[in-house]
Amino acid sequence: MAEALVKAVQSQFGAAVLETHNQHGDETIVVDAGSWKDIAAFLRDDRRTQMNMLTDLTAVDYPDREPRFEVVAHFCSLTRGHRLRVKARVGFEDGEGAEIDSLADLYGSANWMERECWDMFGVKFKGHPDLRRILMYPEFEGHPLRRDYPAQKIQPLVPYRDVDNIEKLPPFGDDMGMSFGRQTHAFGSHEE
Amino acid sequence: MEPLDLDLEEAELELPTDPTTMLNVGPAHPAMHGTVRCVMELSGENIEQVDVQVGYLHRGFEKMCERGTWSQVFPYVDRCNYVSPMLNNVGFALACEKMLGIEVPERCQYYRVILGELARMSDHLTCVGAMAMELGAFTPFLWFVRAREMIWDLMEEETGARLTHSFGRVGGMAHPPTKAFKELARATSDHVVKVVKEGEQLLLGNRIFLDRLDKVGIISAEDAISLGWTGPCLRASGVPYDVRKAHPYMVYDRFDFDVPVGATGDCYDRFIVRVEELKQSARIIEQALEQMPDDGPINADDPRVVLPPKEEVYNSIEGTIQHFKIVMEGLKIPAGEVYSYTEGGNGELGFYLVSDGSGTPYRVRIRPPCFLVTSGLERVITGEMIADVVPCFGSLNMIGGECDR
């Protein structure tokens, strides 16, 4: 059944389907990043596929490859009970230029998962309504799930945010209140 | 004290020029159990707009998983959904086993099913109890938590830990069942059902409780599917999708159980679906206890992944080497990728694993059901009253650890 699914996509998009495999029984197609959204729309609307749920969307970083990132989406059809993994490769080796179309207007679940993917990998989703960081804070530098992001990296301290309409200051000055552990850690090359 | 009889006609009443108010709830608000922040724009008591912000409990598990061996992932998945860690353990073990192409012995499968269903019970008990407590009904919460305590006592008896067991292993479990396991599991499950029935009587006859849930936070089946909802929340919207039925894994196809579905997709349905699932879990446990063999191996017979028995480790050189290699280098999973999914406490718990053939995972992606359910909170509470945020949020059962990882 799932093979018919791959065939249906192949017959519709032809050259845009770059590779197919079904390792461990998971049908997978690797597609051209340019037709990412068209393929998702086809999977959702076509009578043969009816993939009404975008179960998962994430990325995998391969720093030695070009294109560097693999954006991986898992589609699922609750009505027909089949699943398909769709992958697209984007981004240059230095991590720049990772851009792909957003699926947020096709699937509601894409909204947060794409935000997470941007937050963690720095893959930009074109046309996303609200591409903010989601798990990290806005001042975070870098994208933590990239392979070249060191796990012990220390982030700079965040200054107090200027928020409109809020005049209340924290109850302590610079030398009062809780000391921040990160400041006093003698961690590798980090020095005051 | 002077009476407060102000003459309102003479007092100058100024209506605000901007009719909306901003209200911030959380991240450390008692009703926002877990850590989540809602910034709401209110017009009177109605919620016009809302921004749900998560991530306050982000601990970087997926990054940490890339630094150890495959077995060292178990403690991390434990701490994802910390109310039902056994389900996460088993889910991850199944994903690894799918990649390795091994299947655990039947006795272990039953053992996993029973422990998993007990964990699901503790998950649902927590959600249902906390939901009632947030609406002012404290007694059912205490009853449910006492029942949950019985489950955790059983878990402690079996695994040695109440909450974060790290009991799953690739190719089996850390320990075979104890002698009293079946007896204890039966007693616990029966007790939980009894408590649930009592709690139900307290809650479902209560007008205040019902009024606060009924027709509140409605979400349609199409919206729920589009938002990627799974588990009790999706079933409450009327979609009978349960991974245990739709894609049976382990021995779930041998049990006779029902998938409860709701009709309208409101908070009441989400509540009652969980209550019904508690009873269905008890049914599964009963059948599994009957079918589970009393003897037999618990671990797969595969020296590549399963640690040898201690006698061999201490008394033979082969055993020592095998033990050393599995512990120090990690078990080797063939290069490739897999997506394996099980029914967690809150829905489809998926693991997308990428292996490069070494002893360390290349990428462990945990597909958290909570994350997607919480992403729908915005749609659920927009247009509702501010007081409805509490039952809506409670009925979604957001578990911070799983949502933020």
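Which residue is the bridge partner of A:Asp61 in E4(A)? The partner is A:Phe69. The model is a predicted one, in which local features need pLDDT of at least 70, side-chain atom pairs count only at pLDDT 80 or more, and totals for chains, interfaces and linings use all residues. Residues are numbered from 1 along each chain as its sequence is written, and chains are lettered from A and ligands numbered from 1 in the order in which they are written.

Chain A contains four helices and seven strands. Helices (H or I, at least four residues) and strands (E, at least two) are DSSP runs, numbered from the N terminus. From the N terminus on, the order of elements is α-β-β-α-β-β-β-β-α-β-α. Of the 192 residues in chain A, 35% are buried. A residue counts as buried if 20 or more other C-beta atoms lie within 10 Å of its own, as exposed if 12 or fewer do, and as partly exposed in between, with C-beta atoms placed from the backbone. Among contacts in chain A between residues at least 6 apart in sequence, 50% join residues at least 24 apart. A contact requires C-beta atoms, placed from the backbone, to lie within 7 Å.

Strand E4 (residues 69-76) of chain A has eight of its eight residues buried, so the strand is largely enclosed by the rest of the structure. A:Phe69, A:Val71, A:Ala73 and A:Phe75 point one way from E4(A). A:Glu70, A:Val72, A:His74 and A:Cys76 point the other way. Strand E3 (residues 53-61) of chain A pairs with E4(A) over eight bridges, in the antiparallel sense. Pairing requires at least two DSSP bridges between two strands. E4(A) is also joined to strand E5 (residues 83-90) of chain A by eight bridges, again antiparallel. Here A:Phe69 stands opposite A:Val90. Six residues lie between the strands in the hairpin of E4(A) and E5(A), where A:Gly81 takes a positive phi near 75 degrees.

Chain B holds an open antiparallel sheet of three strands in the order E6-E7-E8. Strand E6 (336-343) and strand E8 (361-367) of chain B each have a single partner strand, so one side of each is left without a neighbour in the sheet. The twist averages 15 degrees from one strand to the next. E6(B) is joined by eight bridges to strand E7 (residues 348-355) of chain B, and the two run antiparallel. B:Glu343 stands opposite B:Glu348 in E7(B). Helix H3 (residues 85-100) of chain B lies across E6 and E7 of chain B, at about 145 degrees to E6(B). Axes are lines fitted to C-alpha atoms, for helices over the stretch in contact, and angles run from 0 to 180 degrees between N-to-C directions.

A second open antiparallel sheet in chain B has three strands in the order E1-E2-E3. Its edge strands are E1 (20-25) and E3 (46-53) of chain B, each pairing on one side only. The twist averages 20 degrees from one strand to the next. Six bridges pair E1(B) with strand E2 (residues 37-43) of chain B in the antiparallel sense. B:Thr20 stands opposite B:Ser43 in E2(B).

The axes of H3(B) and H4(B) come within 7 Å and cross at roughly 140 degrees. That makes H3(B) oblique to H4(B); angles under 35 degrees count as roughly parallel, over 145 as roughly antiparallel, 65 to 115 as roughly perpendicular and the rest as oblique. B:Pro85, B:Met86, B:Leu87 and B:Val90 in H3(B) meet B:Arg112, B:Leu115, B:Gly116, B:Ala119 and B:Arg120 in H4(B).

The largest nonpolar core has 159 residues. Such a core is a set of buried Ala, Val, Leu, Ile, Met, Phe, Trp, Tyr and Cys residues joined through C-beta atoms within 7 Å. A:Val123, B:Cys96, B:Ile114, B:Leu118 and B:Cys392 touch the most other members. Helix H4 (residues 106-134) of chain B gives the largest share, 14 residues. Helix H16 (residues 389-396) of chain B has eight of its eight residues buried, so the helix is largely enclosed by the rest of the structure. B:Cys392 is one of these buried residues. B:Asn397 follows H16(B) and has a positive phi near 55 degrees.

Between the chains, 32 residues of chain B are in contact with 26 residues of chain A. Elements giving two or more residues to this side of chain B include H3, E6, E7 and E8 of chain B.

Methods
Contact = placed C-beta atoms within 7 Å.
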